[in-house]
Amino acid sequence: MTTPTHATPEHGDRQTAVEEDLLQRVLDSFSGCDDPRLREIMEAVVRHLHGLIREVRLTEDEWRHAIDFLTQVGHITDDTRQEFILLSDTLGASMQTIAVNNEAYRNATEATVFGPFFVDDAPAIPLGGDIAAGAQGEPAWIEGTVTDTDGTPVPGARIEVWECDEEGLYDVQYDDGRTAARAHLVSDEQGRYRFWGLTPVPYPIPHDGPVGRMLDAVGRSPVRAAHLHFMVTAPGLRRLVTHIFVDGDPQLAIGDSVFGVKDSLVTAFERQPAGTATPDGRDLGGKEWSRARFDIVLAPEDIPDTHH
Ligand code: BEZ
Ligand code: FE
């Protein structure tokens with residue numbers, strides 16, 4: 001690969017030579033690295049970083065500002081606030097990594113961003129159970145199947161689901177240790193699943209920190225299109241991390257702050273007027289509710305090369 005030249009003609013040959021000599025010396029500094037993958041990544045980091053600095057002719061003040069910004073991203077990060085993930089998400093780096101690693105395969109369900117609000121060890125619920133556990137919002141009945149790309153049902157798939165409440169907050173954003181609006185369930189012998197959740201609502205990603213200030217400075221909104229998170233795992237099949245989005249949500253047209261929307265994931269949440277009978281006979285006390293169907297198709301763990 002040739003190194004692009006970023007010094008413009010008015011910088012002159014001497015300036016270009018200084019910049020390229022430095023870049024080359026840094027690249028050469030990795031020659032003793034005996035891990036070829038680490039070396040490849042470090043060389044690319046340096047090439048792109050130097051390319052950025054030279055392309056925009058970064059000032060020393062701007063570099064200091066960037067370091068201050070990253071320092072603030074580190075300082076606000078703790079066990080429940082992951083500002084680096086927010087930064088990666090809002091710059092599209094998370095979705096680009098997902099694109100690179102989840103190449104489209106036949107009719108497999110598309111993946112999207114993981115986000116910072118997944119929690120290990122969410123409670124188990126039975127099929128037809130309710131994930132809300134006290135979280136407020138409009139009830140939603142969600143059902144579907146898990147199959148492989150040949151349409152064979154996948155029994156025993158582990159389905160993790162999580163979402164925010166009607167205030168747009170996940171349980172972990174309250175400081176009372178609650179676990180709500182998250183659970184896991186297991187598909188039945190025919191690969192079917194069903195549960196009660198909440199009709200998703202749009203909400204802003206946490207924007208009271210440096211990433212929020214960055215979005216503000218560039219005139220971008222922190223709001224995400226309404227969605228419900230899924231992570232589905234089954235032996236021999238590719239792990240799927242995805243969401244369903246709500247068809248008709250106005251935020252879909254405005255845009256999703258982390259670039260997570262894929263058309264195939266936009267799902268009808270059919271409105272059910274108060275009093276409509278529920279699939280399992282549950283009494284919702286006169287509340288309106290919605291219902292959605294999401295059939296999940298898992299790719300094989302090892303995708304044959306021949307599909308290209
Ligand atoms: C989420 O959907 O939970 C999320 C994704 C990216 C950034 C913040 C939140
Ligand atoms: Fe979310």
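Trainee: What should I know about the model before I start?
Mentor: It is predicted, so local features need pLDDT of at least 70 and side-chain atom pairs count only at pLDDT 80 or more, while totals for chains, interfaces and linings use all residues. Residues are numbered from 1 along each chain as its sequence is written, chains are lettered from A and ligands numbered from 1 in the order in which they are written, and side-chain values use heavy atoms, with hydrogens and water left out.

Trainee: How many helices and strands does the protein chain have?
Mentor: The protein chain has seven helices and twelve strands. These are DSSP runs, H or I of at least four residues for helices and E of at least two for strands, numbered from the N terminus.

Trainee: And what does the C-alpha trace span along its principal axes?
Mentor: About 80 × 45 × 35 Å. Of the 308 residues, 42% count as buried, where buried means under 20% relative accessible area, exposed over 50%, and partly exposed in between, with a 1.4 Å probe and protein chains only.

Trainee: Which residues of helix 4 are buried?
Mentor: In helix 4, residues 83-90, they are Glu83, Leu86, Leu87, Asp89 and Thr90. They lie on the same side of the helix because they cover an arc of only 165 degrees around the axis; the arc is that of the directions from the helix axis to the C-beta atoms.

Trainee: What do they pack against?
Mentor: Helix 3 (60-76), helix 5 (93-101) and helix 6 (210-217). Contact here means heavy atoms within 4.5 Å.

Trainee: What about the ends of helix 4?
Mentor: Gln82 caps the N-terminal end, with a side-chain oxygen 2.9 Å from the backbone nitrogen of Phe84. A polar contact is a pair of N or O atoms within 3.5 Å; within protein, one must be able to donate a hydrogen and the other to accept it, and residues adjacent in sequence count only if both atoms are side-chain atoms. After helix 4 comes Gly92, whose phi is positive, near 75 degrees.

Trainee: Which side chains make polar contacts with its oxygen atoms?
Mentor: Among them is Arg224, with a side-chain N or O atom 2.7 Å from an oxygen atom of ligand 1. For His229 the corresponding distance is 3.0 Å, and for a polar side-chain atom of Tyr170 it is 3.3 Å. Taken alone, ligand 1 exposes 260 Å², and the protein buries 100% of that; areas come from the Shrake-Rupley method with a 1.4 Å probe, and for residues only the protein chains shown count as cover.

Trainee: Where is Thr112, and is it buried or exposed?
Mentor: Thr112 lies in the loop between helix 5 and strand 1 (139-148), and is buried, with a relative accessible area of 1%. A polar atom of the Thr112 side chain lies 2.6 Å from the backbone oxygen of Gly260. Leaving aside neighbours within four places in sequence, the contacts of Thr112 include Met95, Ile98, Val241 and Leu265.

Trainee: And His48, buried or exposed?
Mentor: His48, in helix 2 (residues 36-55), is exposed, with a relative accessible area of 58%.
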